[in-house]
Amino acid sequence: MVFVDSYPKTSKLVRSEFIVAFVALGIGALFGVVQALHRTGVFRGFVSSADYYTILTGHGVLLALVFTTFFIAGLFAWAVSNSLERELPHRIAWSAFWIMLTGTVLAAVSIIGGLVGAPSILGHDLKADVLFTFYTPLKAHPAFYIGAALIIVGSWIAGLAYFKALWEWRSENPGERIPLQTFMVLTTMLMWYISTIGVAVEVVAFLIPWSLGLIQNVDPLLTRTLFWYFGHPVVYFWLMPAYLVWYTILPKLAGGRLFSDPLARVVFVAFLLLSTPVGFHHQYTDPGIPSGYKFIAMTNTMFLLLPSLLTAFTVVASVEHGARQRGAKGYLSWLRNLPWGKPAFAGCMLAGLMFAAGGFSGMINAGMNINYLIHNTIWVPGHFHLTVGTAFALTAMAISYWLVPQITGKKLQQRTIATLQPYVWFVGMALMSNAMHRAGLAGIPRRTAEPTYDEFAFEGVAGTVGEMRIQIAIGGFLLFVGAAMFLIVMADTLLARRGGTLSVNSNIPEPLSGADHSPRILDNYKLWTAIALLLIVIAYGPPLASMVADGLFAPGSPPIPV
Amino acid sequence: MQVHRFEKVWLGAAILLIVGFIATIAYGSVGVGVGMVDDSGGQISAQAVQNGNTGTQFDDPGVVKTGDDQYTVYVVARQFQFVPGTGDTPIRVPAGANVTFRVTSADVTHGFSVVETNINTMVIPGQVSEVSARFNEPGTYGLVCHEYCGAAHHTMGGSVEVVPPEEYDMQQENIDQSAADAQAQEEADQ
């Protein structure tokens, strides 16, 4: 049975989530290539350098918040429905969708307002050039903050639908282990609930009333600390869905099955425990925070490498097992017996490979003192374009080639373009990211329209500044082409007619070492949530207490319009 | 729970790597003495910095000699310049001296980074960032605001001029001398 025929209601929901995600991807990618050409000086005719920051805000919000959250909502809806073998509670899930969409429209309109002369709406200039991190006291239009809050609230409600599905399933299947895909979804959502508290408090308690003029001042250090309480776990909110794909679908695409169900559960529990009490590693160079708290965050961050290192082993072992099922021999030659011509497989593998490189540059970022060399240089976007920009984004695109036919019943169209697309993305990202990392070592800052100064000139490290610019421009252009290729395939597939038999299905083979081998305590969400909260109290309790001890709004800053 | 032998080896190696990272960072902090930016700079009112009435050296930012080979540099970051630092007012310090930068913001969040050195801190309204350093090599170092601070953020840069100590003392004496001369002249005029 095709998924769309078994679960038509959930399929319609997944399609809607994906369409919003793909539209955001298209606009975000367009903004991306504009930036790549502008900041490298190759072509500055699209926008002025002042409007560059509007484009940059749009790129960050549309890709890191809208594309990710909607795609994940769709993927999770499929995963829960598929593994619990039931339709998702559709009223809750649809209300989540509409709330998130309303938030997206509010945020997008307030950003785009900056490109069309910032008309005054409700007494405030309609613009939001505050970037993805919206550090105070730069102030955006209130609609921007309200939109961001609605996207988060919507994602919380989407999570309720998954839990409700579990409770319904539980009453019919007492005593059974939670299926792996649902386990992964729910663990991710628990992590998400805990970590979004930070940004929700920041936006709802401080930024919305402050931007409306209801309170005079906010404390810039406190608000950015609340942001980063959320700002690191959000990367695991992007990554864990990619892991869900790599653990449960990729081994099947390789022709095999997952190596170990118990270790997959251990990895997800480790993320639930350690994703949040690490946010201070984004604030290593912040004044006003004692270095002891930074040290605690650093150790937690380093231990957070463990689940990813375990994942590297399990995923490679599972894929190798798949290759050997296909008759492969030898230590490395099994790599040849893999379906590199299938875009879903090739995309996931290339995403995983780039994630390994991104992991290594992340280890540098996490290194409290060596971080001085690269903090807020272009090294940092070089790093996260490998993680969220490839490990997540390329996995999402790759698995769409496999999943969209199943939620539509339509065969994948434009197969040649689809087959080439992951490789185009990979080459584009390899060019752009390596040059960004090296430019960061030379001290070139991120988030700037024109990285050249009157007072001095940058000198290249391992290459020249000019050569790095060219690589960033070509790489950025290829990434735009890669996104466009993906969207052409998706548009053609979604608009195609149903017909013929699909070559893919949603059956997930049993792992080599199944759930029966994993201790039941792994499914004890109450225990893990309690430990996660305890770790957060240890890491965040004392510093937050000292920040609010001198008054919630002090030392205060009034809003400064962008 | 069954764990494959290879996986156990991998797990052991991964933990070793993590402990190794933590050890090198701890050594960098304690052994080599790479200190972290922390709360030692204290707090300050951003509005008072903006109005120039903090009652501190930030009202007249610049380089202050605090002892033999000891200098403190007060810098105010504001949209879109460092005072001093930007344009034809570079921060001038002697090579080999112990220099403490005290940086704060008059308006929004900025960054303060001296290119290709460990001097790299956020500048957050209400807080004073304190960073100590020693420049061994004379020369001109780039100064960058590395946090987005508004529409002309990309113009916010500057430089640090590190001069040989003999030259620095001589120039400083000349400046002091000419200031004294000017004052004497002024007094004579009256």
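In the predicted model, the interface between the two chains brings 52 residues of chain B into contact with 57 residues of chain A. On the side of chain B that touches chain A, at least two residues each are supplied by helix H1 (5-30), strand E6 (110-114), strand E7 (120-123), strand E9 (139-144) and strand E10 (157-163) of chain B. Of these elements, H1(B) provides the largest share, with 11 residues. Classified by residue type, this side of chain B comprises 22 nonpolar and 24 polar residues, together with six charged residues.

The helix that makes this largest contribution, H1(B), spans residues 5-30, and a UniProt annotation from an unreviewed entry assigns a "transmembrane region" to residues 9-30 of chain B. Over that annotated stretch of chain B, residues 9-30, the chain is 100% helix and 0% strand in the model, with the end C-alpha atoms 31 Å apart.

The strands E6, E7, E9 and E10 of chain B, which also contribute to the side touching chain A, belong to an open sheet of five strands, arranged in the order E4-E10-E9-E6-E7 (chain B) with mixed pairing. From one strand to the next, the twist averages 20 degrees.

Notes:
Residues are numbered from 1 along each chain as its sequence is written. Chains are lettered from A and ligands numbered from 1 in the order in which they are written. This is a predicted model: local features need pLDDT of at least 70, side-chain atom pairs count only at pLDDT 80 or more; totals for chains, interfaces and linings use all residues. Two residues are in contact if their C-beta atoms, placed from the backbone, lie within 7 Å. Helices (H or I, at least four residues) and strands (E, at least two) are DSSP runs, numbered from the N terminus. Ala, Val, Leu, Ile, Met, Phe, Trp, Tyr, Cys and Pro count as nonpolar, Asp, Glu, Lys and Arg as charged, and the others, Gly among them, as polar. Two strands pair if DSSP finds at least two bridges between them. Axes are lines fitted to C-alpha atoms, for helices over the stretch in contact, and angles run from 0 to 180 degrees between N-to-C directions. UniProt positions are given in the numbering used here, feature names are shortened, and annotations may be inferred rather than shown by experiment.
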